[in-house]
Amino acid sequence: MQQTLATSPQFRKYGLTVQKVDVIKGPDHQHKAIASIMHEGERHDVPITINENEGKVLWEAPPGSFAFLAETMMRDAMKDAANSMGDLMASVARDAVNQYRIAQREGDPIQTCVQAGLVSAAYLQAQDEPNYVHWKDVQRTDCARAGMPLR
């Protein structure tokens, strides 16, 4: 059981440790058991059925037996979503910088002013304060150059 929990793609990332398995022998090589499993410092008793046949052992847990992992799974999913969102926002900000560079090359001061504002807004949305402050300064300079000073 420990080997399965340590190597199965479904379980390996959770660091589950089987502390003990209390078995009640049953008829026809099918036994009932309680596996004590440690997860994040807490013990969870998981009911299992053990089937043995010609020296091979197979264990099964009923649906919902590993529900204690739901909180960890949700926390991991939220971290992944936050990381993806951060990556997406950084990508949007990089795209905005590229768009600013295009507008700057075209030489229209009003368009350059507007694009600098979009870049600063992208960094604000990404909660990247150093880049936000930098691009806000660029926006002030570009907008003043375009005859549209910021207040």
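**Figure 1. Asp45 and its salt bridge with Arg43.** Asp45 is partly exposed because its relative accessibility is 42%; with a 1.4 Å probe and protein chains only, buried means under 20% relative accessible area, exposed over 50%, and partly exposed in between. Its partner is Arg43, and the closest N and O atoms of the two are 2.9 Å apart. A salt bridge here is a side-chain nitrogen of Lys or Arg within 4 Å of a carboxyl oxygen of Asp or Glu. Searching the whole structure gives five salt bridges. This is a predicted model, in which local features need pLDDT of at least 70 and side-chain atom pairs count only at pLDDT 80 or more, while totals for chains, interfaces and linings use all residues. Residues are numbered from 1 along each chain as its sequence is written, and side-chain values use heavy atoms, with hydrogens and water left out.

**Figure 2. Glu40 and Arg75 joined by a salt bridge.** The N to O distance between these side chains is 2.5 Å. Glu40 sits in the loop between strand 2 and strand 3, and Arg75 in helix 2 (residues 70-106), so the pair ties together parts that are 35 residues apart in sequence. Helices (H or I, at least four residues) and strands (E, at least two) are DSSP runs, numbered from the N terminus. Glu40 counts as exposed because its relative accessibility is 52%, while Arg75, at 33%, counts as partly exposed.

**Figure 3. Positive phi at Glu40 and at Glu54.** Most residues other than glycine have a negative phi. Phi of Glu40 is positive, near 50°. Glu54 is not a glycine either, and has a positive phi of about 50°. Glu54 is placed in the loop between strand 3 and strand 4 (56-60). With 78% relative accessibility, Glu54 counts as exposed.

**Figure 4. Arg140 and Asp137, a salt bridge inside helix 4.** The closest N and O atoms of this pair lie 3.1 Å apart. Both residues belong to helix 4 (residues 129-145), with a separation of three residues, about one turn of the helix. An α-helix has 3.6 residues a turn, so residues three or four places apart point the same way. Arg140 is partly exposed because its relative accessible area is 43%, and Asp137 counts as partly exposed at 41%.

**Figure 5. Helix 3 and its buried residues.** The 17 residues of helix 3 should span 24 Å at 1.5 Å a residue, and the end C-alpha atoms are 24 Å apart, which agrees; the expected span is 1.5 Å times one less than the number of residues. Buried residues of helix 3 include Cys113, Gln115, Gly117, Val119 and Ser120. Helix 2 and helix 4 are among the elements that cover the buried residues. Thr112, in helix 3 (residues 109-125), counts as buried because its relative accessibility is 8%. Beyond its neighbours within four places in sequence, Thr112 is in contact (heavy atoms within 4.5 Å) with Tyr100, Ala103, Gln104 and Asp142.

**Figure 6. A nonpolar surface patch that includes Leu118.** Ile110, Val114, Leu118 and Met148 make up the patch, and together they have about 320 Å² of accessible area. Patches are made of residues with over 30% relative accessible area and no salt bridge; like charges are joined within 9 Å, and nonpolar side chains (Val, Leu, Ile, Met, Phe, Trp, Tyr) within 5 Å. Accessible areas come from the Shrake-Rupley method with a 1.4 Å probe, and for residues only the protein chains shown count as cover. Leu118 is part of helix 3 and is partly exposed, its relative accessible area being 44%.

Figure 7. Not counting residues up to four places away in sequence, Phe66 touches Leu5, Phe11, Leu16, Ile37, Val46, Trp59 and Ala61.
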